[in-house]
Amino acid sequence: MEIPQSWQHFLQVETQKTYFLELQRAVEKEYQENVCFPPKELIFAAFEKCSLDNLKVVIIGQDPYHGAGEANGLCFSVNDGIAIPPSLRNIFREMSSDLDTIMQPNSGNLQHWAEQGVLLLNATLTVRKDQPNSHKNLSWQRFTDAVIAKIATEKEHIVFLLWGGFAQKKGAKIDQNKHLVLCSGHPSPLSANQGKWFGNKHFSATNVYLQSHHKESIVWFTV
């Protein structure tokens with residue numbers, strides 16, 4: 001397990017701490033003894049696909065999909081050829097409405113977001129097969145809390161999209177005078193059907209903010 005090059009210096013102090021070295025050993029043991037996701041080489045894909053220099057947006061998820069072939073290291077994202085999960089389908093519905101675009105995505109792979117500067121960060125980066133939140137007691141949360149805090153402290157004009165109570169709690173200390181923090185209900189069917197997701201217009205609001213700070217907007221959908 002190795003942090004991608006562009007992030008190594010940024011996270012150097014954190015990854016040398018005792019807890020992180022112990023976390024690495026615990027994750028290695030889990031992957032040796034159980035079927036875990038994502039594949040080991042994709043654990044840090046969120047950092048690999050989104051370069052630090054190009055970072056514009058942070059979306060916080062909870063933990064990877066736990067079904068075979070689903071998790072690809074990017075929160076809410078699934079591999080090509082995998083059925084689009086309900087939460088992601090609701091994300092696409094809101095995006096289509098917000099951007100006044102008719103879209104019928106045939107893939108739930110969000111790598112094209114990451115490549116434009118969207119850090120798709122799960123709070124916990126690994127999971128056992130068919131056991132959601134099974135790695136929540138490892139020290140991933142401490143690591144991802146540190147990542148979010150460091151981004152919030154050292155970068156400027158980042159958009160943080162906090163969907164649901166879990167993400168909002170994790171991003172509670174972000175300085176809203178320095179960054180744009182957008183909160184809404186979670187896109188899961190339960191939350192969305194209670195009126196807490198649809199209509200948040202986070203995708204257009206993100207681009208308006210980025211443009212106001214002379215950054216390229218995100219192309220949220222591909223034609």
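Student: Which residue stands opposite I59 in β5?

Tutor: L161 in β5 stands opposite I59. Keep in mind that this is a predicted model, where local features need pLDDT of at least 70, side-chain atom pairs count only at pLDDT 80 or more, and totals for chains, interfaces and linings use all residues. Residues are numbered from 1 along each chain as its sequence is written, and side-chain values use heavy atoms, with hydrogens and water left out.

Student: What counts as a strand or a helix, and when do two strands pair?

Tutor: Both are DSSP runs numbered from the N terminus: helices are H or I with at least four residues, strands are E with at least two. Two strands pair if DSSP finds at least two bridges between them. Here, β2 (residues 57-61) and β5 run parallel and are joined by three bridges. Five bridges join β5 to β6 (residues 180-184), also parallel.

Student: Is β5 mostly covered or mostly open?

Tutor: First the cut-offs: buried means under 20% relative accessible area, exposed over 50%, and partly exposed in between (1.4 Å probe, protein chains only). Strand β5 (residues 159-163) is mostly covered, with five of its five residues buried. On one side you find V159, L161 and W163, on the other F160 and L162, and all are buried. As for β6, four of its five residues are buried.

Student: And R25, buried or exposed?

Tutor: R25 is exposed, at a relative accessible area of 54%. Look for R25 in helix α3 (residues 18-33).

Student: How do I read two packed helices?

Tutor: You describe them by the angle between their axes and the distance between the axes. Axes are lines fitted to C-alpha atoms, for helices over the stretch in contact, and angles run from 0 to 180 degrees between N-to-C directions. Take α5 (residues 86-98) and α10 (residues 202-212): they pack at about 60 degrees, with axes 8 Å apart. That makes α5 oblique to α10 (under 35 degrees is roughly parallel, over 145 roughly antiparallel, 65 to 115 roughly perpendicular, and the rest oblique).

Student: Which residues of α5 and α10 meet?

Tutor: Contact means heavy atoms within 4.5 Å. I91, E94, M95 and D98 in α5 meet H202, F203 and S204 in α10.
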